[in-house]
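Please review the following briefing alongside the sequence and the coordinates. It begins with a helix pair and then turns to the chain as a whole and to individual residues.

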Amino acid sequence: MSLLSHYVQLGTEDRTTWRDRLMQMEGAEPRHLSALHGELIAFDWIEQNTGQATSLKDGTLSACYRITLHGLREVRRFQGADEEASETPEKTQPRFVRKKRSEAVAVANAG
């Protein structure tokens, strides 16, 4: 919950901005911290900027993670806060319009 709360705090102002990876956390070895990041990703509470993150000279991964709406909801649920707070809606993937069966058959027969 501490790691998730870290990304919630960073994403409070603008959830869509990619944030640096938390590289150290009290009470967690680097290997355990990596596992915790993996769990947050698996639960869809944070998302990873795969392939776009950059490594800085101090070892920090820049622009690596951001909180998801699911992550925000989970923290609010854990804290007992109202889930109906204003949220930026997730962008949905574009959907392709399916051709009607009669159109598909006509195209197949025409070819």
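In this predicted model, the axes of helix α1 (residues 2-11) and helix α2 (residues 30-42) approach within 10 Å and cross at roughly 65°. That angle makes α1 roughly perpendicular to α2, a class that covers 65 to 115 degrees, with angles under 35 degrees counted as roughly parallel, over 145 as roughly antiparallel and the rest as oblique. Axes are lines fitted to C-alpha atoms, for helices over the stretch in contact, and the angles run from 0 to 180 degrees between N-to-C directions.

**Basis of the values**

- Residues are numbered from 1 along each chain as its sequence is written, and side-chain values use heavy atoms, without hydrogens or water.
- Because the model is predicted, local features need pLDDT of at least 70 and side-chain atom pairs count only at pLDDT 80 or more, whereas totals for chains, interfaces and linings use all residues.

**The α1/α2 crossing**

- The crossing of α1 and α2 is right-handed, meaning that the near helix is turned clockwise from the far one by less than a right angle.
- Leu3, Leu4 and Tyr7 of α1 make the contact with Leu33, Leu36, His37 and Leu40 of α2, where contact means heavy atoms within 4.5 Å.
- By class, this contact of α1 with α2 comprises 6 nonpolar residues, 1 polar residue and no charged residues. Ala, Val, Leu, Ile, Met, Phe, Trp, Tyr, Cys and Pro count as nonpolar, Asp, Glu, Lys and Arg as charged, and the others, Gly among them, as polar.

**Overall architecture**

- The protein chain contains 4 helices and 4 strands, in the order α-α-β-β-β-β-α-α from the N terminus. Helices (H or I, at least four residues) and strands (E, at least two) are DSSP runs, numbered from the N terminus.
- Of the 111 residues in the protein chain, 26% are buried; buried means under 20% relative accessible area, exposed over 50%, and partly exposed in between (1.4 Å probe, protein chains only).
- Among contacts in the protein chain with a separation of 6 or more, 53% join residues 24 or more positions apart.
- The protein chain exposes about 8600 Å², of which carbon and sulfur atoms supply 50%; the areas come from the Shrake-Rupley method with a 1.4 Å probe.

**Buried faces of α1 and α3**

- In α1, the buried residues are Leu3, Leu4, Ser5, Tyr7, Val8 and Gly11. The buried residues of α1 pack against α2, β1, β4 and α3.
- In helix α3 (residues 69-79), burial extends to Leu69, Gly71, Leu72, Glu74, Val75 and Arg76. The cover over the buried residues of α3 includes α1 and β4.
- An α-helix has 3.6 residues a turn, so residues three or four places apart point the same way.

**Positive phi values**

- Asp44, in the loop between α2 and β1 (46-48), has a positive phi near 60° although Asp44 is not glycine. At 35% relative accessibility, Asp44 counts as partly exposed.
- Ala63, in the loop between β3 (61-62) and β4 (65-67), is likewise not a glycine and has a positive phi of about 55°. Its relative accessibility of 23% makes Ala63 partly exposed.

**Ile41 and its contacts**

- Ile41 lies in helix α2 and is partly exposed, with a relative accessible area of 31%.
- Beyond its neighbours within four places in sequence, Ile41 is in contact with Ile46, Gln48 and Tyr65.
- Ile41 and Tyr65 are 24 residues apart in sequence, and their C-alpha atoms are 9.3 Å apart in space.
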